[in-house]
Amino acid sequence: MNTKRLSAWCLGVALLVGPVAAWAGVVLVGHASVHKVDQDTVQRIYSGRMIEVGGVAVSPVHLPASHPARQRFMADVLQQTEEQYLAYWTVRRYVGKGTPPPELRSVGEALAHVARTPGGLAYVDEADVPAGANVIWKR
C-alpha cells in the first residue's frame, strides 16, 4: 500500500473508531440486587419513569455536573443537555412526579452508595469500576 492510500485508510479507521473509543469508558454499576438492563431502561430510570428493575426498587445517583462521565452520560444516553434535564425535572417536581436522582460529590461516594444501597445505581468511567462490581449496563 502506498503512503497516500495508507494515510487515507488510517484516517477512515480513526473516524470509524473515534466515537466508539470516546464512549467506551462509561458504564452503569448497580448493587448486587440489580440485574442487567438495556439503554431504554437506563433512560427511564434517570427520567423517573421507572422506579423498579426486576422487582427491586432502584436508587440512582448522579456525579457532579462538571464531571466528564456525567457530561457523556447526559449527551449520549439521556440525549439531553444539563439545561434540558433540569427543566424536565422542574416540571415533574411541579406536577408532583418526583425529584431527580441526587448528585453526589465524587465517584467514591457514588460507588459507596451502590455498594451499601439495595437497588443503588451509578454511572462511572470504566477505569473507576472496582474489581467484582456489578456492571449492569455498558454501551
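Which residues of helix 2 (residues 39-46) are buried? In this predicted model, they are Thr41, Val42, Gln43, Ile45 and Tyr46. Buried denotes under 20% relative accessible area, exposed over 50%, and partly exposed in between, with a 1.4 Å probe and protein chains only. Helices (H or I, at least four residues) and strands (E, at least two) are DSSP runs, numbered from the N terminus. Just after helix 2, Gly48 adopts a positive phi of about 80°.

Residues are numbered from 1 along each chain as its sequence is written, and side-chain values use heavy atoms, without hydrogens or water. Because the model is predicted, local features need pLDDT of at least 70 and side-chain atom pairs count only at pLDDT 80 or more, whereas totals for chains, interfaces and linings use all residues.

Pro101 lies in the loop between helix 4 (82-94) and helix 5 (107-116). Its relative accessible area is 11%, so Pro101 is buried. Neighbours within four places in sequence aside, Pro101 is in contact (heavy atoms within 4.5 Å) with Tyr46, Pro60, Val61, His62, Tyr85 and Trp89. Of these residues, Tyr46 is one of the buried residues of helix 2. His62 is 39 residues from Pro101 along the chain, yet their C-alpha atoms are separated by 6.3 Å.

Strand 5 (residues 120-125) is largely enclosed by the rest of the structure, because six of its six residues are buried. Two strands pair if DSSP finds at least two bridges between them. Strand 1 (residues 26-30) pairs with strand 5 in the antiparallel sense over five bridges. Here Leu28 has Tyr123 of strand 5 as its bridge partner. Strand 4 (residues 59-60) pairs with strand 5 in the parallel sense, over two bridges. Ser59 has Gly120 of strand 5 as its bridge partner.
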